[in-house]
Amino acid sequence: MILVSVAIACIVSCGTANKIDIIENKVLVPSPIKYDGVESLLKRMTLDEKIGQMNQYSGFWNATGPTPKDGDAAQKYKNLKSGLVGSMLNVRGVEQVRKIQKIAVEETRLGIPLIFGFDVIHGYSTISPIPLAESASWDMDAIKLSSKIAAMEAAASGLNWTFAPMVDISRDARWGRVMEGAGEDPYLGSKIAEARVKGLQGDNLSDPLTIAACAKHFAGYGFAEGGREYNTTVISGDILHNIVLPPFKACVDAGVATFMNGFNQMNGIPVTGHAKLQRKILKGHWEYDGMIVSDWGSIGEMKVHGYAANEKDAGLKAILAGSDMDMESYVYEKYLKTLVEEGKVDVELIDDAARRILNLKHELGLFEDPYKYCDVEREARVIGSNEIILATRNMARKSVVLLKNKNRGLPIKANKSVAVIGPLVSDKNSPLGSWRIAGKDNSAISVEEGLSKYKAVDWTFLQGVQLTTEPTHFVLETKINENNRTGILEAVAKAKEVDQVIMVLGEHGYQSGEARSRTKLNFPGLQQELLEAVHAVNPNIILIVMSGRPLDLSWADEHIPTIVQAWQLGTESGNALAEIIMGEYNPSGKLPMSFPRSVGQMPLYYNCKSTGRPTQEENPDVVFWSHYIDEENSALYPFGHGESFTTFTYNDLKVSNTSSGFIVTIQLTNTGNMAGEEITQLYIRDISASITRPIKELKGFEKNMLQPDESKIITFTLTDKELGFYDNEGNYHVEDGMFDIMVGGSSEKVLKATAERITVDMTP
Ligand code: NOJ
C-alpha cells in the first residue's frame, strides 16, 4: 500500500500522468507499425532501439523487489516514449496495459509493442494452492489445468508473460521459496515443470488466453546456504547435472518461451553472469532459442557480489554470459551502447538478444495486434468464472496430505459438538499464500466459512490466540504475536466441554515466499502454547497445519492422533478442507518434501547418498556410525508419504529384464471400505556406479482410484532414460550392474527386488 501510493504520488507530481490518454477498450486497434518480420525489423532498428528491447521496467502500481533510486516514473515514461523499453512487469489490468502499450505503439519511432510480465505463480485473481501444495497432488492433469486457468485469467487481464514456473529443487525447508517449487525431487519436479509450461502456454502462444512461461531461476537458487534467501550456493557437478538441471531441461523440451537467471552466485560466479550455464548449456547444448531475463536487479548486484568492478563491468559480464533482458537494474540502458562502441561487446550479441525478444513478441501475436490481450469484455467474463472456481477447489482438495489418522478421527461424525480453534480458523487472507499480488485481500474461503455450511454439527469457532500483530503485506516483514495471550483461556474452557477439537495452526501465508527464510520450523508465536494448553484438557484433536514449507511436527506427531497438511490452499481453501473434514472427499496427496524431526537435520532429503557407515553398530553404545547423538536420521514424514481414509496394500513385486532395462509389476489393492486414490511410487538404487548414486531415486509413479477390495496390476518400464546418470562434467552414463528396485506408497514403505542390468547386444 505504502509503495503503491508513493508511486502514484510520484506520477502525479512528475506531471506525466495527465499526458497519458486512457483510450476506450471497446474496439481493437490494429498496430500502426510497419511489420514485415523480425529480421527486416532488426535491419531498421538503431543500436539504441535494439538495446531498448533489452530493458524491462517495473510498472507504477506494484513492486516485487526493492524500488531502485534511478527508477523514477518520469524517466521511465520518457524512455518508454523513446522506444528504449522492451517489456514492463507489474503493469496489469486491461486498462493499465492498454494505456502503456499505447505509448509504445503510437509514440515510439518503430511502434514495437511491449510484452507485459507478471508473477502469476499460483493463480492470478483466483488464487490456487501454492505450487508446493499442488505438487503434493502428483496429478499432472490437475496441475496443467491449474496453470492453464492462471494463464487464462492473466491473459484476460492484459498480460502475456508470467515468471513461472519456478523449478528450483530445494532440500531445505528453511528457505522460504520452497513454497513456490515442486519440492526436493528432480523426477517429480521435471514432470511438474512440463505440466506447468504446457498449461501456461497451451499449444499456441498467440492464443489470447495463453501466456509465455518462464523457467526460473537458472540455476541453483534452491541450494542457498543455510536456507538463507539470496545466499551463496556451492553445487558439485554431480548435483548440478542430476538434481538441479533436469527440471530446466524438461521446460526446454516442453517448449518454454523464456528463462530467468537468478540472484545466487554458484561456486563463485553469480548465475546472471554465468556463461557456462547460459551460453554453453542452455543456449548451446540444449539449443534453447528463447530469451533469458535477469532477475530483479541481478545484473547490478554482480557488483555487490564482488564479481564486477562497477555497473558497467556487470553489464559486460551479463551480456557476455547470455542474459538478454535487464529487469530493473538499469545497467543495459546505461552502458551497453558504450560497451559496443568500445569494442568490448560484439554487436552480434545485441542483435541476438533483441532477436530473441522480438521473436517472442512475434509468437505472441503482438505485431498483428498489440492490444490482443486487452479486451474488457473478456476480462470481465474470464476472471473468477464459475468454471475457474470449481477447478481451483478441485486442485485444493487434491493438494491436501493426510499425515496421520490414528484413531480414524477423520472424517468427523455428525451430531457432535466440535470446537474449531486457532488463529487460522477464520483467516481469509493467509490461505492466499505469498505470491498473490493480483488476488483480492481477504478473499479466501476460511475454514469457518467452509465448515459452517454443515448444519448437522454443533460448531464453535475460536481464534485462541492471534498470529500477527500488524497488517501483512508482500513487501513487508510479517510481525508475529509473541506476547498477547488473550483468547487462550476461553479456548481451553470450550475445549473442555466439547466432544471433538479441530485446531487450525501454522504459518501465515506471508511467512514463506521470497525473502522469508526461517531458522525455526515450529508454529510461529504462541500457537504451540495454545496447542499444548488445549491438549491438556481434551486430547481428541484433529490438527490442520497450514504452512508454506515442511514444519517440525514432532510434538504434534507424538500427541495428536490426526494431522492434516493443508499448506496454503488459495481462494477455495475452506471449502476444500471442509469437504475433507466431513468425509465428502478422500484425501490422496503425498509429500513432495521430507518433513523433519528437527530443524538441525536441514538439508533433509530422501534421495541422499549412503555414507561409508550408514547403519548402527551391533553394540548400540558404540558411536562410530553416521548419526546424530540427539535425533534420528530419518524424516518424521518422508518424501512420498500420505495416508487416505481407506487402506492400500502392495503385493507381488516382479521384475523382468528387457534388452537394456527392466519391466516392473506390482499388485495394488484397496483393502479398506472406502473408494480412494493411491499414488504408487517406483524407486531405484544403482548399487555400484562410477559416480555414487543416491540410496533411492524416484523413477516413476502412477495415481489410481480403486473401489474397496479392487486390485490393479501396475506396470512400470525402466529404460536408459531412468537408469542412467550424469557425471560431474555432465556426460550421461548408463552402466550395467545390480539395481535395487522398490515400489510402494512412500519413499520408505516399499517392497524391494534386486535385479541385474545386462546390455544385450542386438547387432546381428
Ligand atoms: C524476484 C524474484 O526472485 C523473481 O522470481 C520474480 O519473478 C521477480 N522478482 C519479479 O517480481
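Predicted model: local features only at pLDDT ≥ 70, side-chain atom pairs only at ≥ 80, totals over all residues.

Trainee: Okay, ligand first: which residues come nearest to it?

Mentor: There are 13 residues around the ligand, and those that come nearest are Thr-64, Asp-119, Arg-177, His-217 and Asp-295.

Trainee: How far is the side chain of Thr-64 from an oxygen atom of the ligand?

Mentor: An N or O atom in the side chain of Thr-64 is 2.5 Å from a ligand oxygen. For Asp-119, the distance between a polar side-chain atom and an oxygen atom of the ligand is 2.4 Å, and for Arg-177 the corresponding value is 2.6 Å.

Trainee: And how much of the ligand's accessible area does the protein cover?

Mentor: On its own the ligand has 300 Å² of accessible area, and the protein covers 100% of that.

Trainee: Where does the ligand sit, then?

Mentor: The ligand sits in the second largest cavity.

Trainee: What's the shell like by class?

Mentor: The shell around the ligand has 6 nonpolar residues, along with 5 charged and 2 polar ones.

Trainee: Switching topic, what is the strand order in the open sheet?

Mentor: The open sheet is formed by 3 strands in the order β5-β6-β9, and their pairing is parallel. The edges are β5, residues 214-215, and β9, residues 291-293, each of which pairs on one side only.

Trainee: How many bridges are there between β5 and β6?

Mentor: Strand β6 covers residues 258-260, and β5 pairs with β6 in the parallel sense over 2 bridges. If you look at Ala-215, you will find Phe-259 of β6 standing opposite.

Trainee: Back to His-217, where is that residue placed?

Mentor: His-217 is in the loop between β5 and α9, the latter being residues 237-244. The peptide bond leading from Lys-216 to His-217 is cis, with an omega near -5°.

Trainee: What about the bond between Leu-410 and Pro-411, cis or trans?

Mentor: The bond that joins Leu-410 and Pro-411 is cis, and its omega is about -10°. Pro-411 belongs to the loop between β11 (401-405) and β12 (417-421).

Trainee: Last one: what is phi of Tyr-230?

Mentor: Phi of Tyr-230 is near 70°, a positive value in a residue other than glycine, and Tyr-230 is found in the loop between β5 and α9.

Note on methods
Residues numbered from 1 in each chain as written. Heavy atoms only, no water. Pairing = 2+ DSSP bridges. Helix = DSSP H or I, 4+ residues; strand = E, 2+ residues; numbered from the N terminus. Near = heavy atom within 4 Å. Polar contact = N/O pair within 3.5 Å; in protein donor to acceptor, adjacent residues only side chain to side chain. Areas by Shrake-Rupley, 256 points an atom, 1.4 Å probe, with all protein chains shown as cover. 1 Å grid on protein atoms, 1.4 Å probe; cavity = no way out; pocket = protein on both sides within 12 Å on 5 of 7 lines; lining within 4 Å. Sits in = over half its atoms within 2 Å of the grid points. Nonpolar A, V, L, I, M, F, W, Y, C, P; charged D, E, K, R; others polar.
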